[in-house]
Amino acid sequence: MNALRVITPARQFTRAFHRGLPLFTGKTVEATSETFESLVSQADHPVIVDFYANWCGPCKLLGPILTKAVAANPTVTLVKINVDDCPDIAQKYKVAALPTVSAFHKGSVVDSFVGLSSKMAVDDFVKKQASLK
């Protein structure tokens, strides 16, 4: 009976349904000066960037709210960048206050807000960016 069973190689069962999706959608990714361009400017989907610092109290409150909102909208990616570690990126995008959240689409800033916002306002912001094509 075992001689009649045909064993199919595992490589034939690749997950083809994931091929069309961007790599980090719905995820939170920590960026550096070296990885920022590839994660944000070259992305083919909306990217939300959270400019934060470890010593910033409102940043610590906003971070989990943003992470949950992005996880609920899998067409966007959240990129977190520490302005103390990457001052060149913060200077390039004129970050003057923390937290600053900017939405990027096709390499350019399309929307942003500064300061701590309510959960409802953050959810609306993320949904608005998720609707961009």
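Biologist: Before I look at any detail, what pLDDT does the protein average?

Modeller: Good place to start, since this is a predicted model. The average is 85, and 82% of the residues score at least 70.

Biologist: Where does pLDDT stay under 50?

Modeller: Over residues 6-22, and for that stretch the model has 4 contacts beyond four places in sequence. Turning to helices and strands, confidence is highest in β2, at 97, and lowest in helix α1 (residues 36-41), at a mean of 91.

Biologist: In what sense do β2 and β4 pair, parallel or antiparallel?

Modeller: Antiparallel, over 5 bridges, with β2 covering residues 47-52 and β4 covering residues 100-105. To find your place, look for Ile48, which stands opposite Ala103 in β4.

Biologist: On to charges. How many salt bridges does a search of the whole structure find?

Modeller: It finds 4. Take Asp50 and Lys80: their closest N and O atoms are 2.8 Å apart. Asp50 belongs to strand β2 and Lys80 to strand β3 (residues 77-82), so this pair ties together parts 30 residues apart in sequence.

Biologist: Is Asp50 buried or exposed?

Modeller: Buried, because its relative accessibility is 1%, and buried means under 20%. Lys80 is buried as well, at 14%.

Biologist: Which residue forms a salt bridge with Lys128?

Modeller: Asp111, with 3.1 Å between the closest N and O atoms. Lys128 is in helix α4 and Asp111 in strand β5, so the bridge ties together parts 17 residues apart in sequence. Asp111 counts as partly exposed, at 22% relative accessibility.

Biologist: And what separates Lys119 from Asp123?

Modeller: About one helical turn, because they are 4 residues apart in helix α4. Lys119 is exposed at 51% relative accessibility, whereas Asp123 is buried at 18%.

Biologist: Last topic: how is a pair of aromatic rings described?

Modeller: By the distance of the centres and the angle of the planes. A search of the whole structure finds 5 aromatic pairs. One of them, Phe51 with Tyr93, is tilted, at 6.4 Å centre to centre and 40° between the planes. Phe51 is in strand β2 and Tyr93 in the loop between α3 (87-92) and β4, 42 residues apart.

Biologist: What kind of pair do Tyr93 and Phe104 form?

Modeller: An edge-to-face one, 5.1 Å centre to centre with 85° between the planes. Phe104 sits in strand β4, so the pair ties that strand to the loop holding Tyr93, 11 residues apart in sequence. Phe51 is buried at 0% relative accessible area, and Phe104 is buried at 1%.

Biologist: Which residues do ring pairs link into a cluster?

Modeller: Phe36, Phe51, Tyr93 and Phe104.

Key
Residues are numbered from 1 along each chain as its sequence is written. This is a predicted model: local features need pLDDT of at least 70, side-chain atom pairs count only at pLDDT 80 or more; totals for chains, interfaces and linings use all residues. Side-chain values use heavy atoms; hydrogens and water are left out. Two strands pair if DSSP finds at least two bridges between them. Helices (H or I, at least four residues) and strands (E, at least two) are DSSP runs, numbered from the N terminus. pLDDT is the predictor's confidence in each residue, from 0 to 100. Contact means heavy atoms within 4.5 Å. A salt bridge is a side-chain nitrogen of Lys or Arg within 4 Å of a carboxyl oxygen of Asp or Glu. Buried means under 20% relative accessible area, exposed over 50%, partly exposed in between (1.4 Å probe, protein chains only). Rings of Phe, Tyr and Trp (its six-membered ring) pair if their centres lie within 6.5 Å; planes under 30 degrees apart count as stacked, over 60 as edge-to-face and the rest as tilted.
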